[in-house]
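This report considers selected features of one structure, from annotated spans to individual side chains. Please keep the sequence and the coordinates in view while reading.

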Amino acid sequence: MRQNQFLGRVIRTGSFATAALATGATAALAHSEGGGVKVVLEGADRFSIPPVYHILVVHFPIALWLTAALFIFIRVFSASELAVRLQKAVWPLILLGSLAGFVAYGLGLAIYPWSAITESPLGRNHIMLATWTLTYWTVLGVLGYRYRRFLFDGAQKWVTFVLTLIGTAVVTITGTLGGSLTGTPSLVTKGLGKIGWEVYMTFYLPTWMLVVFGLGAVTIITLGFLGSRARG
């Protein structure tokens, strides 16, 4: 009975998660070539925010999310008293990171001219990945807090591990794209180049991600029907 209730909650919340992620991917798709808005700037703005503020603020969500990921990894591989205590700090860290992420995202859009940032594959990739990262970690934080009692039980802990690993990879790539935009490429940038992603020249449309989200939605609906029959 408890498993059926849990499955039902996962299905309901998963539907919300799928919709949120699809919205994020659709927003990213709008940043592709032909989807941006051309803006002509004339004269000087009366008020402008220095780019350094975006660079400073964006490190807060990165630090909070990666610290939360470290705590999750420790908890996955350990059931010690320290690991259990660290687990309790995970979800506040993620949600605080998301709050800081929204501030950093807003500053980025306010500081950098849209017509300039969308003219290069690097700029469009950074906006796309930033949208995915913020959406992904926000959903992960909400789901993690909602079902925190079950996330490290049995085989479920490996699902938690994989989801966190994906979030870590996404935020790392987003950060290195931002560093490349400011002229400070990292070893991650070079690593992406070795696997065929030249960040300065290649732009990846997120269409295939929309297909993945669609398949995920179908899977969730199927699980919903199976769960309803099991409860009946």
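The model examined here is predicted. In it, the side chains of these two residues, Glu81 and Arg85, form a salt bridge, with an N to O distance of 2.7 Å. A search of the whole structure returns one salt bridge. In general, side chains of opposite charge can pair when their charged atoms come close.

Both partners belong to helix 3, which spans residues 81-111. Glu81 and Arg85 are four residues apart, about one turn of the helix.

## A buried glutamine

Gln87 is also found in helix 3. Its relative accessible area is 14%, and because buried means under 20%, Gln87 counts as buried. With residues up to four places away in sequence not counted, Gln87 touches Arg75, Arg148 and Phe152.

## Annotated transmembrane spans

The unreviewed UniProt entry carries the annotation "transmembrane region" for residues 56-77, 89-114, 126-146, 158-183 and 203-226. Among these, the span 126-146 is 100% helix and 0% strand, and its end C-alpha atoms lie 30 Å apart. For residues 158-183, the end C-alpha atoms are separated by 37 Å, with 92% helix and 0% strand.

## Contacts of Thr138

Thr138 lies in helix 5, which covers residues 121-146. Which residues does Thr138 touch, not counting those up to four places away in sequence? They are Leu95, Ser98 and Phe102. Thr138 and Phe102 are 36 residues apart in sequence, while their C-alpha atoms are 9.8 Å apart in space.

## Packing of helices 6 and 7

Helix 6 (residues 156-181) packs with helix 7 (residues 187-194) at an angle of about 105°, and the two axes are 9 Å apart. Because angles of 65 to 115 degrees count as roughly perpendicular, helix 6 is described as roughly perpendicular to helix 7.

On the side of helix 6, the contact is made by Thr172, Ile173, Thr176 and Ser180. Helix 7 contributes Val188, Thr189 and Leu192. By class, the contact of helix 6 with helix 7 comprises three nonpolar and four polar residues, with no charged residues.

Notes. Residues are numbered from 1 along each chain as its sequence is written. This is a predicted model: local features need pLDDT of at least 70, side-chain atom pairs count only at pLDDT 80 or more; totals for chains, interfaces and linings use all residues. Side-chain values use heavy atoms; hydrogens and water are left out. UniProt positions are given in the numbering used here, feature names are shortened, and annotations may be inferred rather than shown by experiment. Helices (H or I, at least four residues) and strands (E, at least two) are DSSP runs, numbered from the N terminus. Axes are lines fitted to C-alpha atoms, for helices over the stretch in contact, and angles run from 0 to 180 degrees between N-to-C directions. Angles under 35 degrees count as roughly parallel, over 145 as roughly antiparallel, 65 to 115 as roughly perpendicular and the rest as oblique. Contact means heavy atoms within 4.5 Å. Ala, Val, Leu, Ile, Met, Phe, Trp, Tyr, Cys and Pro count as nonpolar, Asp, Glu, Lys and Arg as charged, and the others, Gly among them, as polar. A salt bridge is a side-chain nitrogen of Lys or Arg within 4 Å of a carboxyl oxygen of Asp or Glu. Buried means under 20% relative accessible area, exposed over 50%, partly exposed in between (1.4 Å probe, protein chains only).
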